[in-house]
Amino acid sequence: MLIAQLTDLHIGAGRRLAYRKVDTAGALENAVAYVMSMEPRPDVVLFTGDIGDLGTPDEYALVAEILKDLTIPYFMVPGNHDCRAPLCAAFPDATPVASGQAFVNYVVDDFDLRLIALDTLEEGKPGGVLPTEQLDWLRDVLAEEDERDCLIFLHHPPILTGITHMDVQNLGAGADGLADIVRAHRDRIRAIICGHVHRPIHTIWAGVPLSIGPSVAHQVAFDLRVGGASAFVMEPPALHLHVWDADQKNLMTHMAYIDRHDGPHPFFDETGKLIV
Ligand SMILES: [Fe+2]
Ligand SMILES: [Fe+2]
């Protein structure tokens with residue numbers, strides 16, 4: 001099973017450049033074209049938040065227009081740049097929440113791996129939260145009689161990355177509660193995947209592999225100095241491809257650059273000799 005993770009789109013209405021610099025709509029078009037050209041093609045795409053930049057209906061209308069070309073199933077969780085109501089209105093199939101539920105938590109049960117969406121958005125705030133109600137929801141989901149392995153996807157990572165201006169807006173309240181739940185089910189939670197930090201980052205957290213995906217648009221500057229500037233860089237747009245091997249019970253994560261680069265070039269000539 002192949003899971004493509006696209007994150008931190010930051011689409012502006014009218015193709016507005018993000019931070020007066022980044023053509024995020026063009027970046028999303030490139031990302032969609034890349035995913036659709038992949039062989040083998042991913043089974044599902046997970047968008048881990050910051051779909052829009054200001055969270056307006058106009059932004060989501062533009063996202064929907066671009067995603068018309070994405071003809072494989074996809075699902076979304078909101079990030080701090082999103083607003084729940086217009087996001088869910090624009091993408092009901094990609095946010096299949098139970099009716100009457102205030103937060104965008106849900107389970108995708110269509111695949112070998114259960115995909116569990118957690119909504120960490122506190123609207124209007126940069127940092128994330130998981131209120132008690134949502135932790136209870138997750139506890140109930142994991143208590144269900146379903147033996148399948150799981151992947152959790154959410155926007156705000158519950159870790160400190162060393163990039164201080166992002167760490168002050170990570171998952172705050174609820175992170176410890178999440179860790180307790182994850183630790184109790186670490187034998188079948190195969191990964192936790194996040195967005196928000198706009199960099200590829202990997203660690204183990206609560207006994208489980210945790211990764212943060214690179215943005216399909218701009219990246220956060222790699223700066224581990226205490227008090228490092230809040231800044232972005234135009235390092236290459238990229239995505240994570242999570243490969244779930246159900247037989248081996250192994251989840252492997254590849255990072256792939258979206259831009260086209262020179263190559264591929266063969267290592268061997270037509271006679272089978274190594275090119276030197
Ligand atoms: Fe973002
Ligand atoms: Fe974010």
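Q: What is the volume of the largest pocket?
A: The largest pocket has a volume of about 260 Å³. A volume here is the space filled by probe spheres set on grid points, which are joined across faces, edges and corners. The model is a predicted one, in which local features need pLDDT of at least 70, side-chain atom pairs count only at pLDDT 80 or more, and totals for chains, interfaces and linings use all residues; side-chain values use heavy atoms, without hydrogens and water. Residues are numbered from 1 along each chain as its sequence is written, while chains are lettered from A and ligands numbered from 1 in the order in which they are written.

Q: What makes a residue part of the lining of a pocket, and which residues lie nearest the centre of the largest pocket?
A: A pocket is an open set of points on a 1 Å grid over the protein atoms alone, with protein on both sides within 12 Å along at least five of seven lines, whereas a cavity is a set of points where a 1.4 Å probe fits but cannot get out; a lining residue has an atom within 4 Å of a point. The largest pocket is lined by 16 residues, with Tyr19, Met166, His198, Val220 and Ser230 nearest its centre. Tyr19 lies in the loop between strand S1 (2-6) and helix H1 and has a positive phi of about 55° although it is not a glycine.

Q: Why are H4 and H6 called roughly parallel?
A: The two helices pack at an angle of about 5°, with axes 10 Å apart. Angles under 35 degrees count as roughly parallel, over 145 as roughly antiparallel, 65 to 115 as roughly perpendicular and the rest as oblique, so H4 is roughly parallel to H6. The axes are lines fitted to C-alpha atoms, for helices over the stretch in contact, and angles run from 0 to 180 degrees between N-to-C directions.

Q: Which residues of H4 and H6 meet, and what classes do they belong to?
A: Contact means heavy atoms within 4.5 Å. Leu135, Leu138, Arg139 and Leu142 in H4 meet Gly177, Leu178 and Ile181 in H6. The contact comprises five nonpolar, one polar and one charged residues.

Q: What makes S7 and S9 paired strands?
A: Two strands pair if DSSP finds at least two bridges between them. Ile193 has Ser211 in S9 as its bridge partner.

Q: Why are S4 and S8 edge strands?
A: The open sheet has the order S4-S5-S6-S7-S9-S8, with mixed pairing. Strand S4 (106-108) and strand S8 (201-205) each have a single partner strand, so one side of each lacks a neighbour in the sheet. The twist averages 20° from one strand to the next.

Q: Which strands stand at the edges of the five-stranded sheet, and why?
A: This open sheet is ordered S3-S2-S1-S12-S13, again with mixed pairing. Strand S3 (74-77) and strand S13 (250-257) each have a single partner strand, so one side of each is left without a neighbour. Eight bridges join strand S12 (residues 238-245) to S13 in antiparallel fashion, and Leu241 stands opposite His254.

Methods
Helix = DSSP H or I, 4+ residues; strand = E, 2+ residues; numbered from the N terminus. Nonpolar A, V, L, I, M, F, W, Y, C, P; charged D, E, K, R; others polar.
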